[in-house]
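Hi,

Here is the structure I said I would pass on.

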Amino acid sequence: MKLLLITNLFQGIWADTGFSNLYWDNGIMILVGLALIVLAIKFNLKPILLIPLAVGIVIGNIPFMHSTPYPLGIYAEGSILHYLFFGVLKGIYPALIFLGLGAMVDLSPMIANPKLMILGAAAQVGILVTFLGAIILGFPIAHAASIAIIGGADGNTAIFLTSQLAAGLKNLPEAAKVQGLIGPVAIAAYLYMALVPVIQPPIMKLLTTRKERLIRMKPQRTVSRNEKIAFPLVFLLLTAFVAPASLPLLGMFFFGNILKESGLTKQLAGTVSTVMIDILVILIGITVGASTQADVFLKWESILIFVLGALSFMVATAGGIIFAKVMNIFLKKENRINPLIGAAGVAAVPDSARIAHEMGQKEDSTNHLISHAMAPNIAGIIGSAVTAGLLLAFIL
Amino acid sequence: MRTLFIAFDPRLIDSHTLIVSILGYCIVLFTLSAMAYLMVRFHSVRDFIRTRRLKKETKPASAVPVKVVMTGEENAAIAAALYLFFSELHDQEKYVMTIKKVSRTYSPWSSKFYNIFNNMKHW
């Protein structure tokens with residue numbers, strides 16, 4: 001009798017453990033998470049983003065009994081992870097990250113050479129092509145928009161657009177499906193942001209000649225403090241009037257920048273650009289990672305999203321470079337643009353600008369492109385946020 | 001796991017979708033170009049205002065011609081001052097620093113040790 005009791009007790013404990021609930025798909029996702037951790041640490045691939053994301057994938061895929069009396073999984077209402085995921089579902093974290101981002105970036109390169117901003121717009125061609133491509137492949141229009149925005153190379157914009165589309169569709173059955181896209185879309189966007197040093201250089205090399213890579217750009221002029229304060233306000237007004245749906249992102253971005261440039265709110269700018277953004281990256285990374293529960297994530301659609309996302313990113317890179325080359329046809333010799341900086345038109349700040357700089361340095365170690373490349377890079381953030389706002393307005 | 005079903009039908013892109021995507025892209029391009037144009041215009045407006053201000057500041061000076069009449073004494077005084085000034089100039093200074101040693105013989109009357117510490121005791 002006693003033996004039976006003990007056996008039952010052990011069986012109960014065993015049934016509660018992850019080992020008894022383990023399925024092959026959970027195992028695959030855990031391995032993916034572990035591989036990403038190794039990738040981030042060994043190859044230094046954007047560890048700040050990739051480590052929270054990868055640990056989140058591991059946490060989200062620990063198998064457990066679904067009939068637990070307490071809410072546990074990220075999709076179980078009332079669970080702690082679900083509450084943390086709330087900021088992603090409602091688009092709160094991306095907006096706050098944009099605030100920190102605004103306080104971090106310097107708009108001077110953009111103000112000093114305004115024509116480079118057009119490269120940031122040109123790179124958005126990746127979103128256009130993938131949007132149409134996803135529709136051809138049978139994705140509904142809202143799904144296509146969420147997938148296409150990966151080409152903007154900004155995970156926050158991708159999360160924002162997907163969450164707002166799901167919120168806009170409200171009670172339609174489509175809403176739940178769009179909400180389910182947040183995980184794969186965000187993972188794809190963050191992963192490609194981390195893989196900028198792997199994806200972009202071959203395209204840059206393929207589309208430019210050595211002569212073009214050697215182009216030296218005119219040194220930038222000094223930007224006055226007044227300009228640094230006035231232009232964020234002008235940009236804010238212009239972009240917000242064109243695409244009011246992107247106001248949560250752009251409003252926060254320019255607000256953060258004004259905090260920095262005013263020079264009188266250094267304490268606030270310091271907080272949002274350091275402590276606050278770090279906390280948000282941790283929260284967004286861990287929750288988006290945990291949202292990739294195998295039963296939700298491991299679908300053919302997810303693989304297709306990754307393929308389309310990669311395509312979008314590559315087309316965006318190529319679009320920026322080609323547009324820079326086209327601009328060179330119309331520019332005077334002394335004002336020519338190094339086409340490498342066109343690749344920085346995607347919003348992966350500052351990685352794509354750094355890659356453009358490094359590619360230029362490989363050809364000529366005295367050619368410093370970083371400050372020039374930052375202009376399209378920042379314009380890329382603004383461009384992808386405006387695109388997200390326009391897609392929201394058109395679809396809903 | 002569901003089976004893979006990939007449709008490939010370009011007809012799925014209707015005119016509305018096509019217009020939305022192309023119009024959307026054009027708006028983004030236009031917005032950023034407008035921002036760039038505004039900045040370029042701002043620079044030229046700023047330069048225009050600066051040159052006008054400079055012109056205004058220099059106009060009164062040039063409008064009233066100043067007639068300078070110098071006497072012989074004034075000329076001589078200026079020439080003497082310039083001669084004295086230039087004769088004082090050196091082509092190269094000596095970069096040698098000298099420290100003058102000062103030795104003082106010890107006396108209990110001037111000793112800090114006795115003065116300070118003895119007073120301290122009284123406090």
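Helices α6(A) and α17(A) run roughly parallel to each other, because the angle between them is about 30° and anything under 35 degrees counts as roughly parallel. Keep in mind that this is a predicted model. In chain A, α6 covers residues 92–104 and α17 covers residues 247–262, and their axes lie 6 Å apart. As for handedness, α6(A) and α17(A) make a right-handed crossing.

Which residues make the contact? On the α6(A) side they include A:Pro94, A:Leu96, A:Phe98 and A:Leu101. From α17(A) come, among them, A:Leu249, A:Met252, A:Phe253, A:Phe255 and A:Lys260. Sorted by class, this contact of α6(A) with α17(A) has 14 nonpolar residues, four polar ones and one charged one.

Now for the two chains. Chain B puts 27 residues in contact with 35 residues of chain A. On the chain B side that touches chain A, 20 of the residues are nonpolar, five are polar and two are charged.

Is B:Ala34 buried, exposed or partly exposed? B:Ala34 has 14 other C-beta atoms within 10 Å, so it is partly exposed; buried would take 20 or more, and exposed 12 or fewer. If you then look for B:Ser103, B:Ala34 is 69 residues from it in sequence and 79 Å from it in space, C-alpha to C-alpha.

Cheers

Note on methods: Residues numbered from 1 in each chain as written. Chains lettered and ligands numbered in written order. Predicted model: local features only at pLDDT ≥ 70, side-chain atom pairs only at ≥ 80, totals over all residues. Axes fitted to C-alpha atoms, helices over the stretch in contact; angles between N-to-C directions. Helix = DSSP H or I, 4+ residues; strand = E, 2+ residues; numbered from the N terminus. Parallel < 35°, antiparallel > 145°, perpendicular 65-115°, else oblique. Left-handed = near helix turned anticlockwise from the far one by under 90°. Contact = placed C-beta atoms within 7 Å. Nonpolar A, V, L, I, M, F, W, Y, C, P; charged D, E, K, R; others polar.
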